[in-house]
Amino acid sequence: MTSDAPPESTPEAGRHSSPAADTILIVDFGSQVTQLIARRVREAGVYSEIAPFTQALEAFERLRPRGIILSGSPASVAEEGSPRLPQALFEAGVPILGICYGQQVMTHQLGGEVRPGHETGADALSRGGEFGRAFLTVTEECALFDGLWRVGERHQVWMSHGDKVTRFADGFRIVAVSDGAPFAVIADEARRFYGTQFHPEVMHTPDGARLLANFVRHVCGCAGDWTMAEFRKTKVEQIRAAVGDARVLCGLSGGVDSAVAAVLIHEAIGEQLTCVFVDHGLLRAGEAEQVVGLFRGAYNIPLVHVTAEARFLDGLAGLTDPEAKRKFIGKTFIDVFEEEARALGGADFLAQGTLYPDVIESVSFTGGPSVTIKSHHNVGGLPERMAMKLVEPLRELFKDEVRALGRELGLPESFVGRHPFPGPGLAIRIPGEVTRERCEILRKADAIYLEEIRNAGLYDAIWQAFAVLLPVRTVGVMGDHRTYDSVCALRAVTSTDGMTADVYPFDAQFLGRVATRIVNEVRGINRVVYDYTSKPPGTIEWE
């Protein structure tokens, strides 16, 4: 969780400081898939950062990137007040790739023409709109196509546009066309400006990742040598420079992110780091013991283990609203952490496991307020109250990159590969009131579910799997006796970054085996159901 106006932090401590000379700046105009552009660029071994168009000039001056990619947008270039790129970036002498709206805004600002397409359905298509799978034909050679596409070939791409370019700017030429987009790909090789009407960042464009790799590697001249080993080395140096001989506190949640951050910081400053693990009694089975054993045993990192189960569960009594539960847990976590920090004599820095999606989502592309789906839980309020600076060494990484860094640091695979677990823990997997008894019931059911997933060899194929204890009781029959117990829902999804998710397709035999074990072994549950909802429309967690 990050706020729109984050607490005091320094670039050297890990706040968006480019770890490599080769950087690509991605300018966000509000597309829902802008993060995918960053991921594809990083998959090509090139570091990238996203900046909203309102901060593009500042980001360019800070990063000095080798190239710029302009994202799509829900806006129309023809609308008054629609997003624009600072004109100075077109004159900066670096390659630019415009995607969808990015192509259109580049065309518009450089003197071409874009026709608006406000209509939908057949009328929009007649004016050049394309939505979904489409096929383009390569008409001329282009640096984007080197070693990939040849003149005359047809290739599948993914389109999502109503507006269309009707006249390109001086210096450009058409290098690919489609039925609905006569300017499907345009190029100005002299200025190294390119525009695609389709979205190369999405998986529905099969060659999209390679097209983006051609742009960042061949056109922009990036070496493609950004690795976790290099990131680790650079971050250690930055942390040492920022912290000096000061003390750092790290709030451990028991999850992968805070653990990786702690190990990285410990490598940089050793005994200057103290970790505080607040056990709120809402963890999975055996989780507290695993965290304490890892940090005190394998890494010998100074750790304060605070047992606060009674305090959290007493405060949760009577709370049923999801937001009320989340906010209580967050506030109480801060209170406990603050008390322990005072007992330790305070510190100058607070370490957090903030990830790049948290940073991106905390600032809307317009710079204005964005909708909150649900509150997140970390210690984002602590620095303001405690006058501490932030150390956020993972702030530039996506979740899978954090796992890669964890492996680079030598964390055991059993820990690095664990499924994500929310800060409020089991409290948001128990809709309704949270009690000690219901926590124990859910813990047992969840452990059985995950054990069966591991036994079936499916754990690594699933992004996140967990059980939910519903506030619903149903009639059952066990041993000729009537039961009236709770319902357990099982959830499992596949995803790359948690932004979208599909249901994992267990076979009926597996689900039947899990349901039988839970009903037979967990007293208090007599019915098991499986959640088939994707994200969207649902969220991954139930609350």
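Modeller: The description below begins with the sheet, passes to its helices and side chains, and ends with backbone details elsewhere. The model is a predicted one.

The open sheet consists of 5 strands in the order 14-13-12-15-16, and their pairing is parallel. Its edges are formed by strand 14 (303-307) and strand 16 (389-391), each of which pairs on one side only. From one strand to the next, the twist averages 25°. Within the sheet, strand 12 (residues 248-252) pairs in the parallel sense with strand 15 (residues 349-351) over 3 bridges. Cys250 has Ala351, in strand 15, as its bridge partner.

Two helices that lie across the sheet may be described next. Helix 8 (residues 256-269) lies across strand 12, strand 13 (273-279), strand 15 and strand 16, and it runs at about 160° to strand 12. Helix 9 (residues 287-298) lies across strand 12, strand 13 and strand 14; its direction is at about 165° to strand 14.

The largest nonpolar core holds 97 residues, of which Phe295, Tyr449, Ile453 and Phe506 touch the most other members. Helix 8 gives the most to this core, contributing 10 residues. The contacts of Ile453, leaving aside residues up to four places away in sequence, are with Leu458, Tyr459, Ile462, Ala465, Phe506 and Phe510. Another core, of 41 residues, lies apart from the largest one; Val41, Ala134, Ala143 and Ala181 are among its members.

One aromatic cluster is formed by Tyr449, Tyr504, Phe506, Phe510, Tyr530 and Tyr532. Over the whole structure, a search finds 16 aromatic pairs. One of these joins Trp226 and Phe231 in an edge-to-face arrangement, with 6.2 Å centre to centre and 85° between the planes. Trp226 and Phe231 are both buried. Phe312 and Phe328 also form an edge-to-face pair, with 6.4 Å centre to centre and 75° between the planes. Phe312 belongs to helix 10 (residues 309-316) and Phe328 to helix 11 (residues 322-343), so this pair ties together parts that are 16 residues apart in sequence. Phe312 counts as buried because its relative accessibility is 0%.

Arg39 lies over the face of Phe398, at 5.1 Å from the ring centre. Arg418 lies over the face of Phe415, at 4.3 Å from the ring centre.

In helix 14 (residues 399-408), the residues Lys399, Glu401, Val402, Arg403, Leu405 and Gly406 are buried. The buried residues of helix 14 pack against helix 1 (34-43), helix 7 (228-243), helix 8 and helix 15 (413-416). Just after helix 14, Gly410 adopts a positive phi of about 90°.

Cys100, although not a glycine, has a positive phi of about 55°. Cys100 sits in the loop between strand 4 (96-99) and helix 4 (101-109). Cys100 counts as buried because its relative accessibility is 5%, which is under the 20% limit for that class. Arg192 likewise has a positive phi, of about 60°, although it is not a glycine. The loop that holds Arg192 runs between strand 10 (185-188) and strand 11 (193-196). With a relative accessible area of 30%, Arg192 is partly exposed.

Finally, the segment after strand 20 deserves a note. A cis peptide bond joins Lys535 and Pro536, with omega of about -15°. Pro536 is located in the segment after strand 20 (525-530). A cis peptide bond also joins Pro536 and Pro537, with omega of about 15°. Pro537 is likewise found in the segment after strand 20.

Terms used:
Residues numbered from 1 in each chain as written. Predicted model: local features only at pLDDT ≥ 70, side-chain atom pairs only at ≥ 80, totals over all residues. Heavy atoms only, no water. Pairing = 2+ DSSP bridges. Helix = DSSP H or I, 4+ residues; strand = E, 2+ residues; numbered from the N terminus. Axes fitted to C-alpha atoms, helices over the stretch in contact; angles between N-to-C directions. Contact = heavy atoms within 4.5 Å. Phe/Tyr/Trp six-rings, centres within 6.5 Å; stacked < 30°, edge-to-face > 60°. Buried < 20%, exposed > 50% of the residue type's maximum accessible area, 1.4 Å probe, protein only. Lys NZ or Arg CZ within 6 Å of the ring centre and 35° of its normal. Core = buried A, V, L, I, M, F, W, Y, C linked by side-chain atoms within 4.5 Å.
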